Amino acid sequence: MRFVDRESELAVLERAFAGAGFRFIPVYGRRRIGKTRLVQEFIEGKQAIYFLADSIAETEQLKSLGRIVGEHFNDTILTEAGFRDWQQFFRYLKEKESGRLVVVIDEFPYLVNSNRAVSSIFQKGIDEHLKNSNLCLILMGSSIGMMEKEVLFYKAPLYGRRTGSLEVKEMPFDSLYNFFPGKPFDELMAIHAVFGMIPAYLEKVYPEVDILENIRLLILEKGTFFSNEVEYVLMEELREPRNYFAILKSVSQGKRKLSEMINETGFEKSHVSRYLDILRGLGFVKKEIPITEKHPEKSKQGLYAIEDRFFAFWFKYVLPYRSSLEIGKYEHVLKLIRGSLEQHISQAYEAVSREICLRMMEKGTMQFTAIGKWWSRNEEIDLVAMDEQTKTATFGECKWSGKRVGVNVYEDLVRKSRLIDWHHDDRTDRFVLFSKSGFTEGMLALAKKEKVLLVHKDRVLG
């Protein structure tokens, strides 16, 4: 599949490359996110060496690295013998310096596993041989915890040597239009709700069949890429995968409060809090807090949810029915999915609506300094965007259903907006409605009169 999106990430790397002198850029992000493809696109047409580390002994790593570096410089002796140690590698690069050279070491954490002192060795190599060179060094890693410990945190050996850093995150929803040209918004929303925005997942999707057939072929059937993906990712990323699995399972079953997870898992409070912090850092879990909370870090209103779209789908539809899937009852499970998939997509549509608001802000249609959702007791507003400068609050409702949105939905949103105590006496209120199926004639007419923003799927009307 062709390279899609990532313009801003490429720009970061290109700016680093264009600068004078030594550059050291750690590139990190969860597995399957597209780091390697991004960097390969960046080094295309440049003088570059790319080395993929592996889970082998250090001597074998150095031999493999020597072969790749030797091939680049047409050095037969190095190609055959490899490097004796890391200092030889750094000296060799310094001696061979001739113009701008990019050196990429992918899966750097594997080097750390083979030698716990390797970060300090790289620090010394940079200080003694590379800091005055024109080398552009990129260290990549999927194990975010180890990358933070060895490279990114303040006390990490390589922290003071980096000239920048790049975290590769999930792509925006709009990227799906480039992944699947010609597909309508409804089908793209279904793909997004099931597979998320992980490039390696999207590349597996069969564009010629519908979402239910993709679910059966790619997720439900045994032995597929996705059938054990959740467990595999947790084992690769985390030291105690079983405990994290238990936390994710409890969240998927509606245990969204910290106290509920403690009761469900039997873990101590401090352990659950630590597990949740790590899962949030990896992008697997999110903590939602009413946007009006003045001290969100101290709020007791926080609710946890699975943020990764594929994880959310897997825990909801695969884990509970594994026994049925194991004996090949795919159609039975698929029938269950068919009955509630639209509701599952509606949850993803709320997140996409925030991206639509960001686009509207770029175009000047909306203005806000914070965006999120609000709830209190039995009331909830899907989207609240607040602008502290103008004291303007925009309230939004998202409807993913076969019915057109009518005036009653708008009136209920107005009612709920009055419950929010934020600059209550002197704020300006605006309203936006998102709908899968459009709007009634009455709502279209009222929107013109009241200046209500209407969004049909992802298209702003008017």
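Tutor: Start with contact: it means heavy atoms within 4.5 Å. Keep in mind that this is a predicted model. By that cut-off, the buried residues of H1 pack against strand E1 (23–28), helix H2 (35–43), strand E4 (135–141) and strand E5 (166–167).

Student: Which residues of H1 are buried?

Tutor: Glu9, Leu10, Leu13 and Ala16. Buried means under 20% relative accessible area.

Student: How do you know that the buried residues of H1 line one face of the helix?

Tutor: Look down the axis of H1. The buried residues fall within an arc of 120 degrees, so they line one face. On the other side, Glu7, Ser8, Arg15 and Ala18 are exposed.

Student: How do you know that the span of H1 agrees with what a helix should give?

Tutor: H1 has twelve residues, 7–18. The expected span is 1.5 Å times one less than the number of residues. That gives 16 Å for H1, and its end C-alpha atoms are 16 Å apart, so the two agree.

Student: Which residues line the largest cavity?

Tutor: Among them are Leu93, Lys94, Glu97, Gly99 and Leu101. Others include Leu130, Ser133, Asn134 and Leu135. By class, the lining has four nonpolar, three polar and two charged residues.

Student: What is the volume of the largest pocket, and what lines it?

Tutor: Its volume is about 1,600 Å³. The lining has 45 residues, and Lys286, Ile306, Glu307, Arg309 and Ala351 lie nearest the centre. Elements that give two or more residues include helix H14 (241–252), strand E6 (285–288) and helix H19 (330–362). H19 gives the most, with seven residues. The classes are 18 nonpolar, nine polar and 18 charged.

Student: And how much space lies in the second largest pocket?

Tutor: About 690 Å³. Of its 26 lining residues, Ser143, Gly145, Met146, Glu237 and Arg239 are the closest to the centre. H8 gives the largest share of this lining, six residues. Here the classes are ten nonpolar, four polar and twelve charged.

Student: Last topic, the backbone. What makes Glu107 stand out?

Tutor: Its phi is positive, about 55 degrees, although Glu107 is not a glycine. Most residues other than glycine have a negative phi. Glu107 lies in the loop between strand E3 (101–106) and H6.

Student: Is Glu107 buried or exposed?

Tutor: Buried. Its relative accessible area is 12%, and the cut-off is under 20%.

Student: Where is Lys451, and what is its phi?

Tutor: Lys451 is in the loop between helix H21 (441–450) and strand E12 (453–456). Its phi is near 60 degrees, again a positive value in a residue other than glycine.

Student: Why is Lys451 called exposed?

Tutor: Exposed means over 50%. Lys451 has 68% relative accessibility, so it counts as exposed.

Key. Residues numbered from 1 in each chain as written. Predicted model: local features only at pLDDT ≥ 70, side-chain atom pairs only at ≥ 80, totals over all residues. Heavy atoms only, no water. Helix = DSSP H or I, 4+ residues; strand = E, 2+ residues; numbered from the N terminus. Buried < 20%, exposed > 50% of the residue type's maximum accessible area, 1.4 Å probe, protein only. Arc of directions from axis to C-beta. 1 Å grid on protein atoms, 1.4 Å probe; cavity = no way out; pocket = protein on both sides within 12 Å on 5 of 7 lines; lining within 4 Å. Nonpolar A, V, L, I, M, F, W, Y, C, P; charged D, E, K, R; others polar. Points joined across faces, edges and corners; volume = space filled by probe spheres on them.
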